Amino acid sequence: MKRAQIIKRLLVTEIMHSSVIAQIIESYNEPHRYYHNWQHIEALMANAQQQNILTDNLFLAILFHDVIYNPQSKTNELESAEYLKKTCKLNAADLAEITEAILDTAAHKPNLSNLTSVNLC
């Protein structure tokens, strides 16, 4: 899934302001990112699409799981989850599911009862 398709899907859902979309893209294009960059997001989205598992929650978990990335930090996942909470209009159940999936990427150990976490990790 390419950048234009990702942006279009975000704009259609109207869960975040367009300025947040621009901030997310800018974050993934930061010069210190070698692996946790926009190409990584596109690859994960494409893989999920090919497997026919790209739910709305997985889409957001993929998009936000590395949005905050400092190679020296041990709180990237927590900060990424907080950024999701701060910028997206989601119901409580979806927010909890996506947040847990993002946090689970820290150890790459999914909560087996959370399908979004299983598919992201």
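**Close-up 1. Thr116, a buried residue of helix H7**
With a relative accessibility of 3%, Thr116 counts as buried (buried means under 20% relative accessible area, exposed over 50% and partly exposed in between, with a 1.4 Å probe and protein chains only). Thr116 sits in helix H7, which spans residues 115-120 (helices are DSSP runs of H or I with at least four residues, strands are runs of E with at least two, and both are numbered from the N terminus). This is a predicted model, in which local features need pLDDT of at least 70, side-chain atom pairs count only at pLDDT 80 or more, and totals for chains, interfaces and linings use all residues. Residues are numbered from 1 along each chain as its sequence is written, and side-chain values use heavy atoms, with hydrogens and water left out. Setting aside neighbours within four places in sequence, look around Thr116 for its contacts with Asn57, Leu58, Ala61, Glu97 and Ala101 (contact means heavy atoms within 4.5 Å).

**Close-up 2. The whole chain, for orientation**
Let us step back for a moment: the chain has seven helices and zero strands. Its radius of gyration is 13 Å, close to the 14 Å that the globule rule gives for 121 residues, so the chain is as compact as a globular protein of that length (the radius is taken over C-alpha atoms, and the rule is 2.2 Å times the number of residues to the power 0.38). Along the principal axes, the C-alpha atoms fill a box of roughly 35 × 35 × 30 Å. Buried residues make up 42% of the 121 residues. Among contacts with a separation of 6 or more, 52% join residues 24 or more positions apart.

**Close-up 3. The largest nonpolar core and Met45**
This core holds 32 residues, and those touching the most other members are Ile6, Met16, Ile24, Met45, Leu63 and Phe64 (a nonpolar core is a set of buried Ala, Val, Leu, Ile, Met, Phe, Trp, Tyr and Cys residues joined through side-chain atoms within 4.5 Å). Two or more residues come from each of helices H1 (3-13), H2 (18-28), H3 (38-50), H4 (56-64), H5 (76-87) and H6 (92-104). Helix H4 gives the most, with seven residues.

**Close-up 4. Ser80 in helix H5**
Ser80 has 0% relative accessibility and counts as buried. Not counting residues up to four places away in sequence, Ser80 touches Phe64, His65, Asp66, Val67, Ile68 and Ile102.

**Close-up 5. Glu100 in helix H6**
Glu100 is partly exposed, at a relative accessible area of 28%. Apart from neighbours within four places in sequence, the contacts of Glu100 are with Asn111 and Asn114.

**Close-up 6. Asn52 and His108, two loop residues with positive phi**
Most residues other than glycine have a negative phi. Asn52 has a positive phi near 60 degrees and lies in the loop between H3 and H4, where its relative accessibility of 70% counts as exposed. His108, in the loop between H6 and H7, has a positive phi of about 55 degrees. His108 is exposed too, with a relative accessible area of 58%.
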